Amino acid sequence: MLDGLDHPHYVAPTGGALLDLAPRTGGEGDGLRNVFQAAGLLPGDAVHYTDVRLLADGPARAVQYRGTLDGHPGIHVATRYELRPCDEGVRIRTEIVNLEPDPYPMFLVDAFYWGDREHQPFTPGAGFDHPSFGLTDIPDVLRTVPWMAAVAHGGGAASYGVTACEGDTVTGFQSRELTAMGPPKRILGPRDREVYERFVAVDAGTDVDSVVGVLHTVRARLYGEELVTVTGRLVPDDGGPLGDVVRASVQAVGPDGR
């Protein structure tokens, strides 16, 4: 479900955000709070939508929002949410055009608001462990990854993930309150544009593997990636029993070094 233009939620200046996304079968349904678009970290960098249209293209159904950045009326933004039969998620395309006379330092992202509640983000390489940060040191915690997944650590709610549809990585930061993912930061010159296409996946499973399976299906179609399953068991170095709290990290490196 998308919120109406005049019914914004949380910190978004207008409607146009993704509020609800539930799997077609299984699970207890929606667990999403809010996903909105921004082109930076300041309040004026959020997207202020002013127009919405319903679109149909064959079996696909779409909703398209148009507007500008909240603090930059000369920077125009259009976002299209698209559903297709049998897709386990929603396709999103955002296009931003700079019609102002000055260059604009841009970090175009989807902002996933978790609210320090059910969901905890996971990324390859870092797992669930993400460094803390403040507004001034966000550039130090930006990471480029193939995908992000978020699972309901309390169980019950659906799990979510995102991967790019053009370019095989996304860049951003993670916390218990907020995830921001999109193309790398760049300077958007006058009359220049940026397009960000991605797939936001949903799955009824309550572990990382469930929603990552959906993401890998998408990436196999887009990039020909192969999914490899690694199994094993944890054994203490001293041969004794495992403790009450067990943590492990596994890093796999492919032929291309990734």
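Strands β1 (34-38), β7 (109-113) and β13 (178-182) each supply at least two residues of the lining of the second largest pocket, strands being DSSP runs of E of at least two residues and helices runs of H or I of at least four, numbered from the N terminus. The model is predicted, so local features need pLDDT of at least 70 and side-chain atom pairs pLDDT 80 or more, while totals for chains, interfaces and linings use all residues. Residues are numbered from 1 along each chain as its sequence is written, and side-chain values use heavy atoms, with hydrogens and water left out.

**Pocket lining**
- The largest share of the lining of the second largest pocket, three residues, comes from β7.
- The lining divides into 17 nonpolar, three polar and no charged residues, where Ala, Val, Leu, Ile, Met, Phe, Trp, Tyr, Cys and Pro count as nonpolar, Asp, Glu, Lys and Arg as charged, and the others, Gly among them, as polar.

**Helix α1**
- The 16 residues of helix α1 (residues 208-223) should span 22 Å at 1.5 Å a residue, and the end C-alpha atoms are 21 Å apart, which agrees; the expected span is 1.5 Å times one less than the number of residues.
- Among the buried residues of α1 are Val208, Val211, Leu215 and His216, buried meaning under 20% relative accessible area, exposed over 50% and partly exposed in between, with a 1.4 Å probe and protein chains only.
- The buried residues of α1 pack against β8 (119-122), β10 (148-152), β11 (159-164) and β15 (193-203), contact meaning heavy atoms within 4.5 Å.
- Just after α1, Gly224 takes a positive phi of about 70°.
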